[in-house]
Amino acid sequence: MANQRKFFVGGNWKLNGDKQSVDGIIKFLNDGPLDENTEVVVSPPAIYLDYVRGKLNNNVATSAQNCYKVAKGAFTGEIVSAAMAKDVGATWIILGHSERRHVFGECDELIGQKTKYVLEEGLGVIACIGEKLEERESNQTNEVVFRQTSAFAANISDWSKVVLAYEPVWAIGTGKVASPEQAQEVHASLRKWLADNVSAEVAQKTRIIYGGSVSAGNCKELGTKPDVDGFLVGGASLKPDFVQIINARKA
Ligand SMILES: O=C(CO)COP(=O)(O)O
């Protein structure tokens with residue numbers, strides 16, 4: 001029996017775009033057509049969240065790429081809290097992205113605190129995990145992704161608001177996509193981890209999406225795997241190819 005999980009495709013724009021290019025992305029998303037069976041979320045740089053929400057059709061949700069762990073206060077230079085993202089119409093926050101962990105030094109503890117706060121604000125969390133190349137090569141993939149998932153899980157009371165994004169660091173922005181078998185293997189292990197450590201129901205219902213060099217060319221095959229419930233897309237989400245990725249499961 002096919003699973004009941006709705007396919008989920010997120011576009012993480014990272015630190016890219018200006019009003020002109022953002023208008024181009026909004027146009028191809030509004031023109032679509034987008035598969036109604038796919039939940040679509042785009043994550044512009046925080047400064048464009050309000051602008052994008054104002055122009056984008058309602059069949060695409062918006063997300064911040066990160067946020068601080070409290071709603072407001074004396075945190076000069078922080079760019080967005082979940083409360084502020086919510087105020088401009090966002091419904092999701094990406095947390096624990098590889099670039100937050102490895103470029104900006106965010107640790108599991110801080111990511112966990114952010115997770116708790118975002119869920120308390122009533123927003124969804126796209127919870128990112130993934131191993132580095134040397135960790136994969138020394139057979140530590142499961143150990144790393146289980147540790148990262150566990151730090152999220154300790155702060156999650158309602159898994160219906162969470163999508164788990166497996167993004168192997170070696171595949172991000174490199175053009176080296178995980179094979180469908182590699183993605184399926186880790187996703188299946190993560191689902192088993194959820195069954196063993198959270199509950200069978202959460203394991204069955206939680207979307208586990210794949211990120212790392214997803215393209216119009218490789219999305220269909222990845223999307224045939226039973227535990228791949230969608231994608232988190234970087235570079236290709238800035239191009240019209242993103243529509244093909246959203247429609248990956250359409251015949
Ligand atoms: O980091 C990613 C999405 O969050 C993946 O980026 P790329 O699709 O550019 O490899």
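Predicted model: local features only at pLDDT ≥ 70, side-chain atom pairs only at ≥ 80, totals over all residues.
Biologist: At what angle do helix α7 and helix α8 pack, and are they parallel, perpendicular or oblique to each other?

Modeller: Helix α7 covers residues 141-153 and helix α8 covers residues 180-197, and their axes lie 11 Å apart. The angle between them is about 45°. Since angles from 65 to 115 degrees count as roughly perpendicular and those under 35 as roughly parallel, α7 and α8 are therefore oblique to each other.

Biologist: Which residues make the contact between α7 and α8, and how do they divide by class?

Modeller: α7 passes α8 in a right-handed crossing. The contact is built from T141, N142, V145, F146, T149 and A153 on the α7 side, and from V186, S189, L190, W193 and N197 on the α8 side. Sorted by class, the residues of this contact of α7 with α8 come to six nonpolar, five polar and no charged.

Biologist: How do α5 and α7 cross, and how many charged residues does their contact have?

Modeller: The axes of α5 and α7 come within 8 Å and cross at roughly 35°, and the crossing in which α5 passes α7 is right-handed. D108, I111, G112 and T115 of α5 meet R147, Q148, A151 and F152 of α7 in this contact. Three of the contact residues are nonpolar and three are polar, while the number of charged residues is two.

Biologist: How many residues does the largest nonpolar core have, and which of them have the most contacts inside it?

Modeller: In soluble globular proteins, nonpolar side chains tend to be buried together. In this model the largest nonpolar core has 71 residues, and the ones with the most contacts inside it are A85, I93, A127 and I245.

Biologist: Which residues does I93 contact, leaving aside its neighbours within four places in sequence?

Modeller: I93 belongs to the largest nonpolar core and is listed among the residues with the most contacts there. With neighbours within four places in sequence left aside, the partners of I93 are S63, A64, C67, A82, A85, V118, L123 and V125.

Biologist: Which residues does a cis peptide bond join, and what is omega there?

Modeller: Most residues other than glycine have a negative phi, and most peptide bonds are trans. The bond joins G32 and P33, and omega is about -10°.

Biologist: K14 and S213 both have a positive phi; which of them counts as buried?

Modeller: K14, with phi near 55°, is found in the loop between β1 (7-12) and α1, and it counts as partly exposed because it has 18 C-beta neighbours inside 10 Å. S213, with phi near 60°, is found in the loop between β7 (208-211) and α10 (219-222). Because 21 C-beta neighbours lie inside 10 Å and a residue is buried at 20 or more, the one that counts as buried is S213.

Biologist: Is C107 buried or exposed?

Modeller: C107 is found in the loop between α4 (98-102) and α5 (108-120). Because C107 has 10 C-beta neighbours inside 10 Å, it counts as exposed.

Biologist: How far apart in space are F8 and I246?

Modeller: F8 is found in strand β1 and is buried, with 21 other C-beta atoms within 10 Å. Leaving aside neighbours within four places in sequence, F8 is in contact with E39, V163, R207, I209, D229 and G230. F8 and I246 are 238 residues apart in sequence, and from C-alpha to C-alpha they are 8.1 Å apart.

Technical notes. Residues numbered from 1 in each chain as written. Axes fitted to C-alpha atoms, helices over the stretch in contact; angles between N-to-C directions. Helix = DSSP H or I, 4+ residues; strand = E, 2+ residues; numbered from the N terminus. Parallel < 35°, antiparallel > 145°, perpendicular 65-115°, else oblique. Left-handed = near helix turned anticlockwise from the far one by under 90°. Contact = placed C-beta atoms within 7 Å. Nonpolar A, V, L, I, M, F, W, Y, C, P; charged D, E, K, R; others polar. Core = buried A, V, L, I, M, F, W, Y, C linked by C-beta atoms within 7 Å. Buried ≥ 20, exposed ≤ 12 C-beta atoms within 10 Å, placed from the backbone.
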